[in-house]
Amino acid sequence: MRPFTRTEFLKMLGAGALASAFPARAGLASPRMESAKAAAKALRIRDVEIYYWDIPFKEPLTIALGTITETNGVLIRVLTDAGIVGLGESCPFAPVTGDTQQTNIDVARDLRESLKGKDPLAIESAGRTIGTFGRSNPCIVAAFDMALYDILGQAAGLPVFRLLGGDRTTFETDATTGIDTPEKMARSAREHVAAGFRALKVKIGQDPDTDVARLQAIRDAVGPGPALRLDANQGYTVPQALYALRRMEKLDIQFCEQPVVRTDISGLRQVREASPIAIMADESLFSPVDAIRLVKEEACDYFNIKLMKCGGIANAVKISTIGEAANIRCMLGCNSETRLGLTAAGHVLGAQSNIFYADLDAFLALGIDPIAGGMTVKNGTATLPETPGLGAVVDPAFLKKLKKA
Ligand SMILES: [Mg+2]
């Protein structure tokens, strides 16, 4: 093995980007590491740019909560005085997260004022400022959180998943089929399998009998190989959930997300206790506090973590850790983010061994992909970028056309 160069060594120490960003002091008697440390100390948030986008879906997606035709997100660019820029995306879905693009923009303006002049690397401190908005606007909190991790990773010269101690560069993600006729859903599932996906997520929760017919058609179409995951999006009552899941047992279902309304934790537990299919909490799980409650009440077998529900990377790691301590395996899911938000989620997955499943296929539904770099998905396998920070940027031509708030 050849010896490390000084630059490589600094990178290992987590000061690579800053060391090379401040070459003027590199020649001093103190090593570049000292200048990098000084630069990191001096790093300050100069301003935050707020943009928003409305990206139409390729085709409408129907779930138990309604039909979605476009994603309405907010992009923030956190500018530092050292020239490092951190990116974050919010993807509100009001029926679940309770916030909207407009409320996210309003809160982003407030957060911009409270973060100006602050140290972007002090994520724990910043979390106390931005986290207070997590109950009302978790999606924009997530956007700020991921932007700060983007800056931290760039300052350290490490991709975020390595910064968090991870080394998993690839993982499998599923692909989603929305609610439709059994025939159309079977065709969609077959197309996903043909595209290389080995796990399929199927939306249900409108009518138990038709849902059983839908799953039967899909299993017949794809054969015994692909894993089938269900998502009822709160659509069933407890008796409906048990009726449907018992009839689906023979179809080899991996788990079912959120069969009952999010506030009914005892109902979730009742389904879990009597269902032959494992139960995953999604809409009932926003924060680490929710995770503790679900553990205490023994209400689910799995957690579905989403950055847009929990307010970003820091809380996602906490929920995964709570799950690990309770022997509850996690999935990393999404709303309708572009590959920017999905890449941030992917970094968490790459760092957390208790996250066993990925549902990070939202970009497939969008009419355009405005992101350069970032996590890629090929034949159902996601690959994380090795670029420092999140490693994803908005295509400059697309950014130029965006409306600024
Ligand atoms: Mg779900």
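**Exercise 1. Among contacts in the protein chain between residues at least 6 apart in sequence, what percentage join residues at least 24 apart?**

A bit of housekeeping before the solution: this is a predicted model, where local features need pLDDT of at least 70, side-chain atom pairs count only at pLDDT 80 or more, and totals for chains, interfaces and linings use all residues. Residues are numbered from 1 along each chain as its sequence is written, and side-chain values use heavy atoms, with hydrogens and water left out.

- Step 1: take a contact as heavy atoms within 4.5 Å.
- Step 2: read off the share, which is 73%.

**Exercise 2. Find what holds the magnesium ion, and say whether D231 and E257 are buried or exposed.**

- Step 1: look for donors (N, O and S atoms within 2.8 Å of the metal, or 3.2 Å for Na, K and Ca; water is not among the atoms, so sites may look incomplete). You'll find D231 (OD), E257 (OE) and D282 (OD), at 2.1 to 2.3 Å.
- Step 2: check the spacing in sequence, D-x25-E-x24-D. D231 sits in strand 7 (residues 227-231) and E257 in strand 8 (residues 253-257), 26 residues apart. Strands here are DSSP runs of E, at least two residues, and helices are runs of H or I, at least four, numbered from the N terminus.
- Step 3: apply the burial cut-offs (buried under 20% relative accessible area, exposed over 50%, partly exposed in between; 1.4 Å probe, protein chains only). D231 comes out buried at 0%, and E257 is buried at 0% too.

**Exercise 3. Work out how many of the 19 residues of helix 7 are buried.**

- Step 1: locate helix 7 at residues 138-156.
- Step 2: count 17 buried residues, so the helix is largely enclosed by the rest of the structure.
- Step 3: step just past helix 7 to G157, where phi is positive, about 75 degrees.

Key: Expected span 1.5 Å × (residues − 1).
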